[in-house]
Structures are given as C-alpha cells and as structure tokens.
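Please read this briefing alongside the sequence and the 3D view. The points are grouped by topic.

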Amino acid sequence: MFRLPKCHLLLIVIMIVVFVLTACSSEQASSSPAENGTVAEGEASGEETQTDPAGASGYQPVTIENNGRTLSFDKPPQRAVTLNQHVTEVMLALGLEEVMVGTAYLDDEILPQFQEAYEQIPVLADRYPSQEVFLSVEPDFAYAGWQSAFSENGVGSVEELEAFGVTAYLHHSSTIVGPTIEDVYQDIHNIGRIFGVEERAKALIAQMETDIALLQEQIGKVDEPIRVFVYDSGEDQAFTVGQNYMNTLIRLAGGENIFADLDKNWGAVNWEEVVERSPEVIVVVDYGEMTAEQKIDFLLRHPALDNVPAIQHERFVVVPLSAAAEGIRAPLALEILIKGFYPEKAE
C-alpha cells in the first residue's frame with residue numbers, strides 16, 4: 001500500500017484547517033450580529049456610540065401607556081421639543097440633546113453640567129411657545145412636564161398635535177396625586193425606552209438611588225420627624241403642599257408635612273390652621289413674581305404667626321421650583337432639605 005510521507009500528510013491537514021477557518025470567517029462577516037447570535041463591542045455593556053444618539057441601531061418597537069393613552073414607536077423620535085424645565089433636564093441627563101430641536105419654560109438656571117448642551121438647543125419661548133412657533137421646528141415628539149403645556153394656552157391638545165404628526169408625552173409623575181420617587185423613575189425609564197437609550201436611563205436611576213441612600217444615611221433613624229410647613233404663595237390664605245411630590249421629598253428627608261392629610265396635591269389653608277399645627281421649619285418654594293426673600297419677610301411680619309416655632313427661630317429652607325418638581329433633582333432637593341432640617345447631621 002502506498003503511504004504519504006509524514007511531512008506531506010501534515011501539510012495536507014494544515015491546508016484543510018485553513019480552508020475551513022477561512023470559510024467560517026467569511027460566513028460570519030456576511031451575516032448581521034442578530035443573525036449569528038453575537039453583539040458588537042459596546043452593545044453588550046449597553047453603551048451607545050456618539051453617532052447613534054437616540055439608539056436607533058437595533059431599536060425594538062416600543063409601546064408606552066401614558067395618562068390613559070397608548071403611544072407606539074417603531075423608531076426613536078428625531079425632532080423632540082421639551083416643555084418645562086424638569087423634563088428638559090431628564091432629556092439632557094440621558095444625553096439626548098442631539099435630537100432636541102427646541103425647548104421652553106425654565107423656572108430657573110439649568111443645572112451647570114448640562115449648560116453647554118442646553119445652549120446648543122433653540123429656546124422657543126420663555127414660557128410656552130405658540131402652536132405656530134412650536135410647529136415651525138417640525139417636531140415629531142413633544143415632552144411636557146405639566147398638563148398646562150398641552151392646552152389652548154400652551155402648544156395645543158394632544159389630539160391636535162397628533163393631527164400634525166407629533167406624539168405627545170406628558171410626564172406622568174407630575175399629573176397624579178401623591179407621586180413617589182418610583183413614579184419619577186418610571187417616567188425616566190419610559191423616556192429611555194422611547195429613545196432607545198434604556199441602559200442610560202437605568203444608569204441614571206441607579207445613580208439617583210445611590211445618592212438618595214447616602215443622603216439618608218446622614219440623618220439615620222428619625223424617631224420624631226420635624227414638623228414642616230410648605231409655603232408656596234398666598235396672603236389671605238396659604239397655598240401649600242398636600243400629597244404632592246414635595247410631601248415625598250420631605251418624608252425622605254426625615255420631616256413630616258403638617259398638611260399631609262390633604263387629599264390633593266396642593267391646597268389653600270387658613271393661617272389659623274398653620275398656627276394650630278405648629279411647624280418647626282417652613283419650606284419656601286422659590287419661584288414666581290415674589291422672591292424667596294420677599295416671601296420670608298411676609299411670613300416674619302404676619303401677625304398671626306408670632307407664636308409659631310419656625311417663625312420664632314426663623315427656620316426657613318428655600319427650595320427652587322426646579323428641585324421641587326418631579327425630575328432628576330431629587331438628590332439635590334434632599335440635600336437642601338436635610339441641611340435645613342438637621343444641620344447638625346448634614347455633612
């Protein structure tokens with residue numbers, strides 16, 4: 001029987017292996033990651049590239065329930081307009097400035113870390129733009145923080161916007177009675193899904209949870225929460241917080257809202273009721289035509305409040321409306337409240 005020399009046999013084996021490997025490599029190169037069961041570098045870690053700001057690559061259809069409406073997306077919006085500061089900052093925190101073609105209605109300064117990105121976005125109006133101005137930037141998505149944005153005094157109803165090809169999302173945690181921090185997280189998660197940046201949303205929520213936990217560690221267990229009155233506005237009566245988001249923030253900061261028994265988010269109360277409930281600290285919401293200093297001066301001079309502990313000790317905590325709204329500023333709001341409630345424990 002004829003036998004090949006061992007060296008020739010080895011050479012044939014090597015050639016066969018090389019041929020098989022080359023064929024496999026060509027097959028993998030011609031198929032997509034989804035077809036061959038692999039993911040590109042960066043996709044496994046949830047990172048998006050700079051050239052794909054809205055996560056369009058590999059986008060899966062999304063259905064979101066929003067305030068009784070079902071919103072469906074086959075691709076991420078590419079021309080978004082934000083109405084109200086707290087939702088603008090949600091978008092910026094998710095790195096979505098490249099798909100924002102307009103913004104409106106700041107309550108105060110944008111957070112410093114987002115200032116540069118914010119300056120690249122057209123400001124359509126100091127408050128709500130007219131519908132004409134809003135439509136002039138050809139939006140495909142409108143994101144509002146308050147119900148008032150989607151009204152005749154804002155950019156129009158959600159039904160009107162849909163007729164113009166604009167999908168409207170209303171920040172759900174800003175519309176319900178008694179919103180929790182988890183409701184805020186759900187809004188952030190929804191926006192992450194809509195724009196295909198869900199991993200960014202998860203990372204943002206995780207960071208907020210960590211920051212809040214660290215702040216709460218400062219105050220530890222509170223046996224007797226400090227009694228807190230929130231002053232928004234009003235002279236004949238006090239417009240104050242019942243079940244709204246500030247109530248949640250006060251509780252997380254180790255306080256007790258003296259009007260937490262109101263069955264609505266906001267309400268007007270008599271000054272006699274404020275005196276009777278004897279607040280130890282007054283939280284002043286900073287916004288509107290009256291400055292926080294003017295509001296404090298009004299309270300200090302109010303004759304009915306002379307015997308209120310918070311007035312006697314001049315204990316006031318000023319919280320900007322942007323931090324009191326249901327956005328990404330919860331850790332900042334808590335830090336302000338904790339320093340005002342328990343200065344001896346705040347670091």
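Just after helix α7, G196 takes a positive phi of about 70°. The model is predicted: local features need pLDDT of at least 70, side-chain atom pairs count only at pLDDT 80 or more, and totals for chains, interfaces and linings use all residues. Residues are numbered from 1 along each chain as its sequence is written, and side-chain values use heavy atoms, with hydrogens and water left out. Helices (H or I, at least four residues) and strands (E, at least two) are DSSP runs, numbered from the N terminus.

**Other positive phi values**

- Most residues other than glycine have a negative phi.
- N84, a residue other than glycine, has a positive phi near 105°.
- N84 sits in the loop between β3 (80–83) and α3 (85–93), and its relative accessibility of 2% means that N84 counts as buried; buried is under 20% relative accessible area, exposed over 50% and partly exposed in between, with a 1.4 Å probe and protein chains only.
- E314, also a residue other than glycine, has a positive phi near 50°.
- E314 is placed in the loop between α12 (309–312) and β13 (316–320), and at 54% relative accessibility E314 counts as exposed.

**Helix α7**

- Helix α7 covers residues 181–194, and its 14 residues should span 20 Å at 1.5 Å a residue, which agrees with the 20 Å between its end C-alpha atoms; the expected span is 1.5 Å times one less than the number of residues.
- The buried residues in α7 include I181, V184, Y185, D187 and I188.
- N190, I191, G192 and I194 of α7 are buried too.

**Helix pairs**

- Two packed helices are described by the angle between their axes and the distance between the axes.
- Axes are lines fitted to C-alpha atoms, for helices over the stretch in contact, and angles run from 0 to 180 degrees between N-to-C directions.
- Angles under 35 degrees count as roughly parallel, over 145 as roughly antiparallel, 65 to 115 as roughly perpendicular and the rest as oblique.
- α7 packs against α8 (residues 198–219) at about 160°, with the axes 7 Å apart, and the two helices are therefore roughly antiparallel.
- I181, Y185, I188, H189, G192 and R193 of α7 meet residues of α8, among them E198, A201, L204 and I205; contact means heavy atoms within 4.5 Å.
- α8 and α14 (residues 330–341) cross at roughly 10°, and their axes come within 9 Å.
- That makes α8 roughly parallel to α14.
- Residues in this contact include M208, D211 and I212 of α8, and A330, P331 and L334 of α14.
- α9 (residues 245–252) crosses α14 at roughly 55°, and their axes come within 9 Å.
- α9 and α14 are therefore oblique to each other, and α9 passes α14 in a right-handed crossing.
- Y245, L249, I250 and L252 of α9 make the contact with A330, A333, L334, L337 and F341 of α14.

**Residue L204**

- L204 belongs to helix α8 and counts as buried at 15% relative accessibility.
- The C-alpha atoms of L204 and A93 are 7.5 Å apart, although 111 residues separate the two along the chain.
- Leaving out residues up to four places away in sequence, L204 touches A93, L94, I188 and I328.

**The protein as a whole**

- The secondary structure comes to 14 helices and 13 strands.
- Of the 347 residues in the protein, 44% are buried.

Note on methods. Left-handed = near helix turned anticlockwise from the far one by under 90°.
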